[in-house]
Amino acid sequence: MSDAILHFAHELMSSWWIYLALWGFAALDGFFPAIPSETLVVTAGVFAAADGAPNLFAVMVVAAVGAFMGDHVSYALGRGAGGRLLDRMKPGTKRHAAALWARQALAERGGLVLVVARYVPGGRTAVTLTMGSVRYPLRKFSAFAAIAAVSWGIYCSLVGYIGGKAFEDNPLKGVVLGIGLALAVTLIVELVRHRLKKRRQGQVEPELVEAGGGR
């Protein structure tokens with residue numbers, strides 16, 4: 001069974017169709033987060049290391065271009081809906097929580113949050129929709145989207161490449177390692193974000209108490 005899967009993967013990764021798939025998945029993931037674009041890019045990086053196909057540089061470029069275009073589609077949807085898409089999200093859901101985080105982060109960090117959101121589950125779509133809905137300047141959005149897309153394309157490809165180099169004789173193990181590394185980075189980002197959030201809340205509460213006591 002594993003041999004059949006490996007043979008199919010080799011055939012897919014050595015075909016020019018893989019570049020079209022990488023572009024399409026990366027673009028769709030911008031406004032339809034259920035698409036596993038990161039997994040596909042990592043897998044392509046693994047086979048680039050193990051077999052030399054697909055080309056690693058081409059994987060980086062195609063993934064980045066797809067991600068850049070997907071971000072702009074999401075931005076356009078947010079701009080056209082004028083915030084209605086975000087307001088309709090049901091309170092208490094993960095999507096609603098992501099939207100609230102996006103609005104707060106955008107107010108605090110500006111366009112840089114788009115780069116950070118690449119590594120936050122559900123954050124990318126929430127941020128791009130929010131930036132569109134608040135009419136964030138398109139020129140600035142494009143600049144930050146380019147930085148985010150390029151960094152993401154390079155990161156995912158290299159994570160896969162590391163996994164592929166570690167298991168050149170068994171690409172499937174390389175895929176598992178690569179995806180594991182990507183998940184570990186995401187977990188670290190989430191832990192850091194959670195700690196920073198708690199620290200900010202801890203700083204705000206004493207200020208509120210002092211303000212209340214001074215009345």
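The protein chain has ten helices and zero strands. Helices here are DSSP runs of H or I with at least four residues, strands are runs of E with at least two, and both are numbered from the N terminus. This is a predicted model, in which local features need pLDDT of at least 70, side-chain atom pairs count only at pLDDT 80 or more, and totals for chains, interfaces and linings use all residues. Residues are numbered from 1 along each chain as its sequence is written, and side-chain values use heavy atoms, with hydrogens and water left out.

First, the chain as a whole. Of its 215 residues, 41% count as buried; buried means under 20% relative accessible area, exposed means over 50%, and partly exposed lies in between, with a 1.4 Å probe and protein chains only. Take contacts (heavy atoms within 4.5 Å) between residues at least 6 apart in sequence: 75% of them join residues at least 24 apart.

Next, the record. An unreviewed UniProt entry annotates residues 16–36, 56–78, 141–162 and 174–192 as "transmembrane region". Positions follow the numbering used here, feature names are shortened, and such annotations may be inferred rather than shown by experiment. In the model, residues 56–78 are 100% helix, with end C-alpha atoms 33 Å apart. Residues 141–162 are also 100% helix, and their end C-alpha atoms are 31 Å apart.

Now the inside. A nonpolar core is a set of buried Ala, Val, Leu, Ile, Met, Phe, Trp, Tyr and Cys residues joined through side-chain atoms within 4.5 Å. The largest one has 24 residues, and those with the most contacts inside it include Met13, Trp152 and Cys156. Which element gives this core its largest share? That is α3, with six residues. Cys156 touches Glu38, Val41 and Val42, leaving aside residues up to four places away in sequence.

Last, the surface. Trp16, Trp17, Leu20, Trp23, Phe57, Val61, Val65 and Met69 form a nonpolar patch with about 840 Å² of accessible area together. Areas come from the Shrake-Rupley method with a 1.4 Å probe, and for residues only the protein chains shown count as cover. Patch residues have over 30% relative accessible area and no salt bridge; like charges are joined within 9 Å, and nonpolar side chains (Val, Leu, Ile, Met, Phe, Trp, Tyr) within 5 Å. A salt bridge is a side-chain nitrogen of Lys or Arg within 4 Å of a carboxyl oxygen of Asp or Glu. Four residues of the patch, its largest share, come from α4. Trp16 sits in the loop between α1 and α2. Trp16 counts as exposed because its relative accessible area is 56%.
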